[in-house]
Structure formats: C-alpha cells, structure tokens
Amino acid sequence: FGAVLFWRKDVDVKAYVQASYAAFGLTAVLSALSIDKHAPVKHQEHPHVARTLLRQGLWVQGANGLQLMNYRLAYWIIEHALGRAALGLYSVGTQLAESAWIAPRSLGMVLVSRVSNLDEVAQQRRLTLLTAKVAIAFALLVVLVLAILPDAVFQLAFGEDIAGLRPIVLLLAPGIISMSASQAFSHYFSGKGQNRHNLVGSGLGMLITAGLGWWAVQQWGLEGAALTASLAYSASVIYQWTVFRRRHHTRLRDLWPNAEDVARLRNVARSLIRRS
C-alpha cells in the first residue's frame with residue numbers, strides 16, 4: 001500500500017489514512033485466519049477469554065494512549081511556544097533518535113511470546129535482562145552514530161534548514177536509551193498479563209511532560225523539550241525497573257554484560273561466520 005501511495009500523484013493525508021486502514025485491516029484478517037488454521041479456539045473451552053482480552057486490552061490501550069499523548073503534548077507545547085519551524089526541527093531530531101527503538105521493539109515482540117509461554121520464573125528473568133541489555137547496546141550505538149554525524153548529512157537528507165540537531169539528540173539520548181530498556185520490561189509485563197504497570201509508567205511520563213514541558217521550553221527552547229522528554233522516558237523505565245527488581249531480587253549491575261553474554265555473542269558470531 002505504501003508503494004501505491006508513492007506512485008500516485010494525488011496523494012494527501014486522507015490517502016495515507018485509507019492506506020493505513022487497508023494495510024492494518026488486511027494484516028488483522030490474515031493473522032486471524034492463520035491462527036484459526038493452526039490453533040483453532042473453541043469458545044466453549046475458554047469461556048473467560050473475551051473478558052480477559054477486554055481487561056488486558058484496556059490496560060494496553062490505556063498505556064499506549066498515555067504514551068501517545070505524551071509525544072503529542074510535547075509537539076503542541078513546542079508549536080505554541082516556539083513556532084512550527086522549531087517543531088519541524090525537533091520532530092526530525094526525535095524521529096532520528098527514536099530509530100534506536102527499531103531493534104528493541106522487534107526484540108520485545110519475541111520476548112512477550114516467550115515469557116507468556118514459560119513457567120520458569122528464572123528463565124523469564126534471564127530472557128528479560130538479556131533483551132534489555134541488547135536493547136540498550138543497540139540504542140547506544142545508534143545515538144553515538146547520530147551524535148558524531150555532521151549537520152551536512154542531515155541537511156542532505158532533510159533540507160538546508162535542518163541545523164543544530166546534535167544538542168537535541170544528545171539531550172534526548174538518556175531518554176532514548178531508557179525507553180529502549182523499557183521495551184524489554186513493557187513486553188515482560190505484557191507476557192505476564194500485568195499491563196497495569198505499563199499504564200502507570202506511561203502515566204508518570206505524561207505527568208512529567210505536562211508539569212515541566214511548558215516551563216522548560218520557555219526557559220531553554222528545544223533543548224528544554226528534549227530534556228523534559230528524557231526525564232519523562234526515564235521516569236517510566238525507573239518505575240518498571242523498580243517493580244521488576246523487587247519481583248526478581250535483581251540488582252542494577254545485572255544489566256551490565258557478563259561472561260555469559262560474551263560467550264553467547266561469540267557463539268552467534270561463529271554461527272554467522274559458518275553460514276557465510
């Protein structure tokens with residue numbers, strides 16, 4: 001559907017919305033057919049499925065809604081305080097920085113399916129910590145690359161008006177890395193059916209943006225917006241980490257790479273070399 005939009009000449013916002021509905025709708029239909037084919041569900045055997053799905057769905061959508069409001073509130077504050085030109089620059093900076101979430105989100109999708117099908121608590125803990133470590137490492141790498149690229153590269157891609165992204169990216173970096181780790185904890189709680197913790201984490205971030213956003217933007221401009229975003233994202237993951245730590249008696253140093261992680265990385269590298 002994206003390719004169709006690319007080649008059409010009369011593309012507008014409505015065309016994008018229509019393509020999104022078509023793409024997501026087709027995905028939902030094909031997924032439902034695939035699930036019914038490989039693992040048919042008989043409602044008589046699971047009378048409480050609908051109730052459980054509704055309850056968990058409300059928690060999930062509540063968390064996603066608050067997180068989306070958090071993003072959009074920051075944009076609204078910048079537009080009204082600094083204008084659309086500043087908003088455009090900030091939007092480019094955040095989208096570049098948030099590219100660090102691509103791999104963590106993909107890993108999170110794998111984690112949620114593993115956690116939901118595992119009964120061993122120790123295994124759930126190990127997989128979640130491993131996912132968090134990989135997510136943090138990938139985010140660090142992406143942020144480092146963005147931080148060292150000169151403005152000329154961004155101007156080549158986004159236009160000559162794009163300048164001064166590095167301070168925004170650097171101030172967003174702590175929050176981006178925090179949210180990368182949050183992908184692991186969020187999907188862990190989803191796999192455990194405890195999405196209320198994700199809702200609370202998103203709510204804390206929203207409160208920080210609502211409470212500090214306008215003042216910080218007035219004081220420091222786009223740097224204040226980036227700093228507020230980092231504080232909001234960090235608050236979310238701190239809450240999630242606190243709950244996870246108490247449940248599994250985990251220490252902060254457990255997020256650091258260890259000998260087992262190094263050995264696992266070597267095995268992966270050797271496997272890739274053999275395949276090549």
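A pocket is an open set of grid points with protein on both sides within 12 Å along at least five of seven lines, and its lining residues have an atom within 4 Å of a point. The legends below describe views of a predicted model.

**View A. The largest pocket of the predicted model, with a volume of about 840 Å³.** The lining comprises 38 residues, and Asn64, Gln67, Tyr71, Arg105 and Met179 lie nearest the centre of the pocket. Two or more lining residues come from each of α3 (49-82), α4 (84-97), α5 (102-116), α8 (165-191), α9 and α10. The main contributor is α3, which gives 12 residues. By class, 19 residues of this lining are polar, 16 are nonpolar and 3 are charged.

**View B. The second largest pocket, with a volume of about 700 Å³.** Of the 23 residues in its lining, those nearest the centre are Lys133, Val134, Ile136, Ala137 and Leu255. At least two lining residues are supplied by each of α6 (121-148), α8, α10 and α11 (259-275). Helix α6 gives the most to this lining, with 7 residues. The lining divides into 19 nonpolar, 3 charged and 1 polar residues.

**View C. A nonpolar surface patch of about 480 Å², made by Leu212, Trp215, Trp220, Leu227 and Leu231.** Helices α9 (196-220) and α10 (222-248) each supply at least two residues of the patch. The largest share, 3 residues, comes from α9.

**View D. Leu227, a member of the nonpolar patch.** Leu227 is found in helix α10. Its relative accessible area is 34%, so Leu227 is partly exposed.

How values were computed:
Residues are numbered from 1 along each chain as its sequence is written. This is a predicted model: local features need pLDDT of at least 70, side-chain atom pairs count only at pLDDT 80 or more; totals for chains, interfaces and linings use all residues. Side-chain values use heavy atoms; hydrogens and water are left out. Patches are made of residues with over 30% relative accessible area and no salt bridge: like charges are joined within 9 Å, nonpolar side chains (Val, Leu, Ile, Met, Phe, Trp, Tyr) within 5 Å. Accessible areas come from the Shrake-Rupley method with a 1.4 Å probe; for residues, only the protein chains shown count as cover. A salt bridge is a side-chain nitrogen of Lys or Arg within 4 Å of a carboxyl oxygen of Asp or Glu. Helices (H or I, at least four residues) and strands (E, at least two) are DSSP runs, numbered from the N terminus. Buried means under 20% relative accessible area, exposed over 50%, partly exposed in between (1.4 Å probe, protein chains only). On a 1 Å grid over the protein atoms alone, a cavity is a set of points where a 1.4 Å probe fits but cannot get out, and a pocket is an open set with protein on both sides within 12 Å along at least five of seven lines; lining residues have an atom within 4 Å of a point. Grid points are joined across faces, edges and corners, and a volume is the space filled by probe spheres set on the points. Ala, Val, Leu, Ile, Met, Phe, Trp, Tyr, Cys and Pro count as nonpolar, Asp, Glu, Lys and Arg as charged, and the others, Gly among them, as polar.
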